[in-house]
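Could you look over this structure with me?

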Amino acid sequence: MPNRVCLVHYHEIGLKGKNRSTFENQLVTNLHRALRPFDLGEIKRVSGHILVTAASGRVSEEMAGAISQVPGVARVSLAYLCGLDVQEYSAAAVKALSEFGEFSSFKVHARRSATAYELHTLEINQLVGEVLCAAFPDKKVEMHNPDATVYVLVVQGSVYVYAASQVGVGGLPVGTAGKVVTLLSSGFDSPVATWMVGRRGATCVPVHFSGRPMTSDMSEWLCRDICDALAPSGTIGRLYVVPFGERQREISLAVPQSLRIITYRRVMLAVSERIARIEGAKALVTGESLGQVASQTLDNIAAVNEMVSMPVLRPLIGSDKQEIMRRAEQIGTYDLSSQAVEDCCTLFMPRRPETHARLEAVHAAWDSFDHDAMIDDLVEHVEYLDFDQCPSYRAPKRWRRHHRELGPAVVPAETENGTE
Ligand code: ATP
Ligand code: MG
């Protein structure tokens with residue numbers, strides 16, 4: 001029985017010219033991390049693919065499934081690893097085709113790479129084709145648009161044979177696009193927005209504003225679970241939690257009711273930008289989608305956006321809720337986001353939030369409390385939790401301590417010196 005290995009295909013990386021090896025190396029690093037829970041053998045580059053083997057010699061379906069979820073992976077094929085003997089790899093071709101599922105036509109596609117093997121691709125196609133025709137007498141050979149293609153890849157002393165492939169998430173390896181801070185609530189949208197920028201290669205650092213101590217810490221637990229669900233893709237570096245309840249109460253006492261939400265959002269964006277600068281992140285990300293709720297009108301987006309000078313990416317701005325929900329199901333955050341919990345946004349909700357904020361009114365509200373002191377204080381009191389599945393994440397110098405549990409970023413000096 002030949003060994004089973006995974007051949008990982010990536011297409012976008014191929015387009016990146018001289019950056020190609022950086023991208024491939026990052027993908028190999030990310031796959032190593034994603035496959036830690038499995039019985040991994042080795043991961044190496046083989047002729048335009050990445051080869052993943054298992055220590056036991058047989059890669060499992062689960063392992064192939066985990067690989068398919070890593071950004072940068074276009075397709076994964078569970079291949080048979082054979083020697084150069086025609087009989088051996090033809091027999092593997094029969095097995096590979098019988099595992100393909102429903103088909104009525106097929107062809108063989110052989111490829112050779114850096115090999116002095118005596119058979120050429122046309123000969124391989126013919127020899128393997130004959131064996132397959134004998135094994136599947138009721139199927140026909142079709143050169144153009146066959147239902148199934150049996151690939152036979154000859155690389156140095158080995159032959160890889162596969163027919164079925166699993167579609168991967170695509171995108172680019174995390175760590176090739178820089179770092180972003182994403183504003184994460186436990187709703188449907190922001191986890192999807194986070195996943196989307198992660199899939200484009202960004203290392204994600206979510207920030208969640210909770211209503212603590214005025215609400216329970218339920219929304220924080222949900223955000224942790226959401227990060228846990230996203231973590232196997234390697235996109236999540238660290239989750240920051242900002243207890244915001246007290247400050248929201250102050251805001252609710254100072255500003256007109258209709259402008260509360262916009263004012264909370266301005267503070268949230270300003271604090272997130274400060275965290276982003278400490279983290280060395282180059283953009284902020286939100287889950288906003290145009291017109292979805294009252295706060296997401298163009299006027300309100302403008303009134304909040306003026307707080308920051310960093311780009312704010314809104315990957316869902318043109319998406320419908322149905323599309324977002326479908327994606328949430330695929331990435332495993334749907335059930336978590338379905339749980340209605342109090343977070344900072346449900347605290348001190350006005351009865352009639354402003355939908356088309358006038359900037360003069362927003363500025364007057366903003367100047368009615370000491371916003372700079374509030375922002376400083378919130379940054380000073382952030383808490384965080386590290387995730388270990390993101391190899392490209394580097395903690396900032398200021399908050400370099402690794403937290404396995406959610407804990408304050410700034411540890412009192414006495415504790416730090418061990419003289420508590
Ligand atoms: P979501 O489904 O992501 O909660 P939403 O449709 O509920 O979004 P809003 O509540 O208006 O919309 O939030 C808009 C965006 O603001 C969110 O997508 C998220 O990026 C950010 N945001 C909202 N609440 C919080 C929070 N408590 N902590 C961090 N970011 C938040
Ligand atoms: Mg929300």
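The points below cover a helix pair and then a sheet.

1. First, the ground rules: this is a predicted model, where local features need pLDDT of at least 70 and side-chain atom pairs count only at pLDDT 80 or more, while totals for chains, interfaces and linings use all residues. Residues are numbered from 1 along each chain as its sequence is written, chains are lettered from A and ligands numbered from 1 in written order, and side-chain values use heavy atoms, leaving out hydrogens and water.

2. Start with H7 (residues 245-254) and H8 (residues 260-279), whose axes lie 10 Å apart at an angle of about 135°. Helices here are DSSP runs (H or I, at least four residues), and strands are E runs of at least two. Axes are lines fitted to C-alpha atoms, for helices over the stretch in contact, with angles from 0 to 180 degrees between N-to-C directions.

3. Who touches whom? Gln-248, Ile-251 and Ser-252 of H7 meet Arg-260, Thr-263, Tyr-264 and Val-267 of H8 (contact means heavy atoms within 4.5 Å).

4. Now the sheet: it is open, with seven strands in the order S14-S13-S10-S11-S12-S15-S16 and mixed pairing. Strands pair if DSSP finds at least two bridges between them. At the edges sit S14 (312-313) and S16 (407-408), each pairing on one side only.

5. S10 (residues 179-183) runs parallel to S11 (residues 203-210), with five bridges. Leu-183 stands opposite Val-207 in S11.

6. Finally, helix H5 (residues 189-199) packs on this sheet, touching S10, S11, S13 (283-285) and S14. The direction of H5 makes about 170° with that of S10.
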